[in-house]
Amino acid sequence: MKIVLIGQAAFAKDTLSALIEHNENIVGVFCPPDKDPTKPDPLKSFSLEHSIEVFQYNRMRSAEAINAFKKLQPDLCIMAFVTDIIPNEILEYPNFGTIQYHPSLLPKHRGPSSINWPIIKGENFTGLSIFWPDEGLDTGPILLQKQVEIEKNDTLGTLYFTKLYPLGIEAIIESVDLVRSGKAPKTPQNHELATYEGWCKSENGKIDWNADKNAIFNLIRGCDPSPGANTNFGSHIVSLFDATIQDYNPGLKPGTINQIKSDQFSIAVNNGNINISRVKVDSGKKINSGDFIKNMNISEGNTFN
């Protein structure tokens, strides 16, 4: 099959690498234009290293992008980490259509931050879907799905990079084989069970210290490493990372700093404590808690609000 890959960043680059290793015939790659010419997208660099033609358009809906895609005469299109809107003219053009990776168990958690929200909502399982995209947002029929456990200390980072990332690449290769064999399912989604969440932004990560301790812990995990669950310390906005939870109840007002150590500090919550090992102050870089304690002159009894 002649395959075109649309994507960006490391996930698409590693997907391309797996496809090449699988001896697939990649006839072209589409990725967004470089924001900084000195730092090309990893997918672009890797494609050029392997003599694969690269196309970059601001909008895949443009006539130029559509025409360039059609000239490649692909049998299959693969979408791996795509944030642009891909028109039906492209989706339906290949002989076998288009397949797309999405890091949730569709129809649950449609939308752009589908890894953050299951953690924030305290769910025990999530997964990935390879589906056939259509005009809707993550609404097309399912080709295959893989489920993974959300362990109690998983963060957005660990869930993606250690589970959904490698498993997603394996699932794409498996899907290509199913397409080639003519055995790829097209199972309609049950739209009555669908959920949708938008981007998980900084304002979604605002901590309510009066909330349940597990809800606070899940919010911090689900926003780690981005966008960062955050709180106020005086005039500063402090984002919290690398959290663990304790059942120990210090009997302090929620949001009160206690148990200060050289490499972490604890924050009292309802019926427990949350330990923090890394923070970011305002728009600065992430620092370890020891530096935060020293730089901000933190002492037991200080409060976040």
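Predicted model: local features only at pLDDT ≥ 70, side-chain atom pairs only at ≥ 80, totals over all residues.
**A strand, its neighbours, and the contacts around them**

Two strands are said to pair here if DSSP finds at least two bridges between them, while strands (E, at least two residues) and helices (H or I, at least four residues) are DSSP runs, numbered from the N terminus. Residues are numbered from 1 along each chain as its sequence is written, and side-chain values use heavy atoms, with hydrogens and water left out.

Staying with β5, strand β4, residues 76–80, pairs with β5 in the parallel sense, again over 3 bridges.

How many of the 5 residues of β5 are buried? The count is 5 of the 5, across residues 98–102, so the strand is largely enclosed by the rest of the structure; buried means under 20% relative accessible area, exposed over 50%, and partly exposed in between, with a 1.4 Å probe and protein chains only. Both faces are covered, with T98, Q100 and H102 buried on one side and I99 and Y101 buried on the other.

Y101 also brings us to the aromatic rings, for ring pairs link F11, Y101, Y160, F161 and Y165 into a cluster. Rings of Phe, Tyr and Trp (its six-membered ring) pair if their centres lie within 6.5 Å, and planes under 30 degrees apart count as stacked, over 60 as edge-to-face and the rest as tilted. By this rule the count comes to 13 aromatic pairs. In one of them, the rings of F30 and F69 have centres 5.9 Å apart and planes at 50°, so the pair is tilted. F30 lies in strand β2 (residues 25–30) and F69 in helix α3 (residues 63–71), so this pair ties together parts that are 39 residues apart in sequence. Both F30 and F69 are buried.

A further pair is F233 and F292, whose ring centres are 6.3 Å apart with planes at 65°, so it is edge-to-face. It links distant parts of the chain, with F233 in strand β8 (residues 229–233) and F292 in helix α8 (residues 289–295), 59 residues apart.

Turning to charges, the structure holds 12 salt bridges, a salt bridge being a side-chain nitrogen of Lys or Arg within 4 Å of a carboxyl oxygen of Asp or Glu. Among them, the side chains of R180 and E24 meet at 2.4 Å, N to O. R180 lies in helix α6 (residues 156–181) and E24 in the loop between α1 (9–21) and β2, so the pair ties together parts that are 156 residues apart in sequence.

Is E24 buried or exposed? E24 is buried, with a relative accessible area of 10%, whereas R180 is partly exposed, at 39%. These two residues are also linked with D177 in a network of salt bridges.

I will finish with K163 and E151, which form a salt bridge with the closest N and O atoms 2.9 Å apart. At 15% relative accessibility K163 counts as buried, while E151 is partly exposed, with a relative accessible area of 42%.
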